[in-house]
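Subject: Structure for your review

Dear colleague,

I am handing over the structure below, followed by some notes on what was found in it. Please read the notes with the coordinates open beside them.

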Amino acid sequence: MTVVTPEQHGLKAHSDGGWDASEKGFVPVQTRSARPRSFEHTDFAPVNGLEAEWKLTPVKLIKPLLDDALDGAPYAIDTDAPEGISVEWVARDDARIASAGAPEERASANAWTNFEQALAITITGEEHSTVRISRSELGNTARAGHIVITARAHSNGTVLVESSGSALLSENVEVVVEEGATLNFVSVQDWADDAIHLASHFVQVGRSATLKHTIVSLGGKVVRVNPSVHLSGEGADGELYGLYFADAGQHLEQRVYLHHEAAQTRGRVNYKGALQGAGARTVWVGDVLIGPHAAGTDSYEQNRNLVLTEGTRADSIPNLEIETGDIQGAGHASATGRFDDEQLFYLQARGISEAEARRLVVIGFLSEIVQKVGDEQLEARLHTAIEAELEGTIS
Amino acid sequence: MSVLSVKDLHVSVETEQGTKQILKGVDLEIKQGETHAIMGPNGSGKSTLAYTIAGHPKYHVESGSITLDGAEVLDMSIDERARAGLFLAMQYPVEIPGVKVADFLRTAKTALAGEAPALRPWIKEVNGAMKALRMDKTFSDRNVNEGFSGGEKKRNEILQLELLKPRFAILDETDSGLDVDALKIVSEGVNRAQESTGLGLLLITHYTRILRYITPDFVHVFVDGRVAEEGGPELADRLENEGYDRFLTDTSVA
């Protein structure tokens with residue numbers, strides 16, 4: 001077999017590898033599910049920032065979380081667990097741990113190696129109840145965190161985790177939605193300006209179970225939340241939503257992976273973001289994999305970004321892999337743009353000032369996701385938070 | 001008495017083929033309470049006139065003036081024009097995702113009046129106007145124009161006309177795409193608005209159909225960016241019978 005030689009002008013080896021695979025004697029990762037996994041920090045090579053996984057992330061700013069030993073002790077939380085939901089710190093050998101997935105990269109593995117106890121949230125009640133967990137005193141110590149959420153069979157609950165204050169945190173979040181359970185999980189990152197937060201969510205959705213998973217990232221210097229959701233039971237339903245608002249100097253990243261493993265699964269991914277101010281930076285990567293056994297899959301993913309000022313950058317990378325022909329539907333969409341002038345004209349033609357018209361359009365754009373949160377208190381708080389973000393640009 | 005006056009208006013737009021002259025010297029004067037119909041073939045500049053008066057940034061005014069009671073409208077921003085009393089019912093109203101009709105109406109009313117309307121009478125007024133236009137109550141909870149049918153969009157425009165109470169309204173092909181029932185409902189709304197506020201109307205239409213329900217005082221025929229002929233309602237009848245052919249024979253459009 002002849003080796004492909006890059007003769008065409010400007011053609012060179014792709015940074016992801018592959019074109020010279022036969023020469024070098026290796027095969028690059030072909031499909032999302034084939035990425036190497038390990039619970040051990042040392043199994044992952046040091047990060048140089050050129051890796052596909054890290055090339056869009058400011059790796060200099062997250063170095064301690066990639067390389068250093070992390071403080072894995074429990075931290076202060078504020079919660080009000082109702083009947084039907086328990087919240088407790090548990091030891092590393094608890095049976096619930098390592099039931100949803102394993103790290104795919106170095107910062108995640110570092111957190112796994114270093115955490116001492118996990119925050120375990122377990123939902124057993126069949127009547128819907130809501131637990132709110134807030135944490136605001138993590139401080140600037142480099143920490144490892146671990147959360148494990150278990151929705152027992154046929155349970156129904158909402159878990160809201162709200163983060164604020166300073167943080168230097170790498171964490172893993174495991175979520176298991178057992179047969180017939182319904183879980184609404186919302187994670188709000190409204191950190192202080194200096195916070196750095198890397199999170200990997202490993203999610204398994206069982207037979208006839210329903211998951212709504214929402215990531216809201218508003219505050220923080222670097223926030224990178226990567227949910228990997230596996231629709232592993234037949235008839236599993238996963239709705240993955242995201243809302244982010246990056247200001248000057250903020251880096252907000254989310255790498256979403258939705259794996260249709262079982263038959264008759266339904267998946268929806270919808271992330272919306274706004275960017276304003278010099279250096280405001282967002283990254284959205286959406287990988288959807290429809291596996292060979294996922295007959296009857298119905299899947300759609302989309303990302304929309306609204307650019308409010310000059311000097312911002314939004315990366316939006318949707319990927320769709322289909323390994324079976326027998327599906328109901330699969331699609332993806334991505335768009336990044338400025339204000340729609342026709343929308344502004346319409347509102348202004350009704351006497352609404354340009355500033356107010358812009359405010360309405362942005363809030364309208366983002367409220368599609370806010371309306372999905374499914375908790376009135378939190379929805380109201382998010383509306384207020386978005387209004388506050390907008391004060392910066394529009395005045 | 002309020003007067004909206006257009007004098008020797010020349011307007012161009014930028015196209016891929018370069019600058020295109022659309023309006024080539026338009027003169028019009030509309031007094032409060034009057035209804036003027038602007039008719040003409042496609043591409044004659046009717047909609048350009050409508051959007052230029054409303055201030056759409058796409059249209060570039062080369063020369064001429066538009067005044068409202070002597071004040072130069074061309075010096076005003078889009079929203080200032082609306083606050084001065086101008087209203088454009090659009091042919092293709094855009095969707096505004098995430099903005100509910102009720103919130104939008106209240107925001108617009110507040111912007112126009114300078115203060116928020118008292119809640120209870122306002123809701124009553126909105127509900128009354130919606131009922132008169134045979135719009136379902138659930139309308140106010142829907143996002144502006146999102147998923148609206150063509151007819152619903154037009155009703156929503158006239159709903160705003162009735163609630164926002166402008167002094168002059170331009171209706172850009174409000175009749176297009178409406179079946180006869182919807183056309184009657186929409187026309188009734190326009191007539192109600194005119195009776196209650198003494199609105200001056202500029203009715204832009206390709207067909208004479210809507211003129212059966214809204215009687216014009218004056219008819220202006222637009223051809224190739226100019227008013228080619230003016231008259232009373234009888235001119236509309238003549239156009240109904242003859243079409244625009246006799247205007248087109250001596251222009252490049254034919």
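In this predicted model, the contact between the two chains draws on 31 residues from chain B and 17 residues from chain A. Together, chain B and chain A bury about 1,900 Å², of which 68% lies on carbon and sulfur atoms.

As for specific interactions, the count between chain B and chain A is 1 salt bridge, and B:Glu157 forms a salt bridge with A:Arg350, with the closest N and O atoms 2.7 Å apart. There are also 11 residue pairs in polar contact between chain B and chain A, counted where both residues are at pLDDT 80 or more. On the side of chain B that touches chain A, at least two residues each come from helix H1 (46–54), helix H2 (78–84), strand S6 (86–89), helix H3 (101–113) and helix H5 (150–164) of chain B, and the largest share, 5 residues, is supplied by H3(B). Sorted by class, that side of chain B has 20 nonpolar, 7 polar and 4 charged residues.

Turning to the pockets, the second largest pocket holds about 350 Å³ of space, and among the 19 residues that line this pocket, B:Ile22, B:Gly43, B:Ser44, B:Gly45 and B:Thr48 are the closest to its centre. Strand S2 (18–31) and H1 of chain B each supply at least two residues of the lining, with S2(B) giving the most, 4 residues. By class, the lining of the second largest pocket has 5 nonpolar, 8 polar and 6 charged residues.

With best regards

Technical notes
Residues are numbered from 1 along each chain as its sequence is written. Chains are lettered from A and ligands numbered from 1 in the order in which they are written. This is a predicted model: local features need pLDDT of at least 70, side-chain atom pairs count only at pLDDT 80 or more; totals for chains, interfaces and linings use all residues. Side-chain values use heavy atoms; hydrogens and water are left out. Contact means heavy atoms within 4.5 Å. Buried area is the accessible area (1.4 Å probe) that two parts lose on being put together, summed over both. A salt bridge is a side-chain nitrogen of Lys or Arg within 4 Å of a carboxyl oxygen of Asp or Glu. A polar contact is a pair of N or O atoms within 3.5 Å; within protein, one must be able to donate a hydrogen and the other to accept it, and residues adjacent in sequence count only if both atoms are side-chain atoms. Ala, Val, Leu, Ile, Met, Phe, Trp, Tyr, Cys and Pro count as nonpolar, Asp, Glu, Lys and Arg as charged, and the others, Gly among them, as polar. On a 1 Å grid over the protein atoms alone, a cavity is a set of points where a 1.4 Å probe fits but cannot get out, and a pocket is an open set with protein on both sides within 12 Å along at least five of seven lines; lining residues have an atom within 4 Å of a point. Grid points are joined across faces, edges and corners, and a volume is the space filled by probe spheres set on the points.
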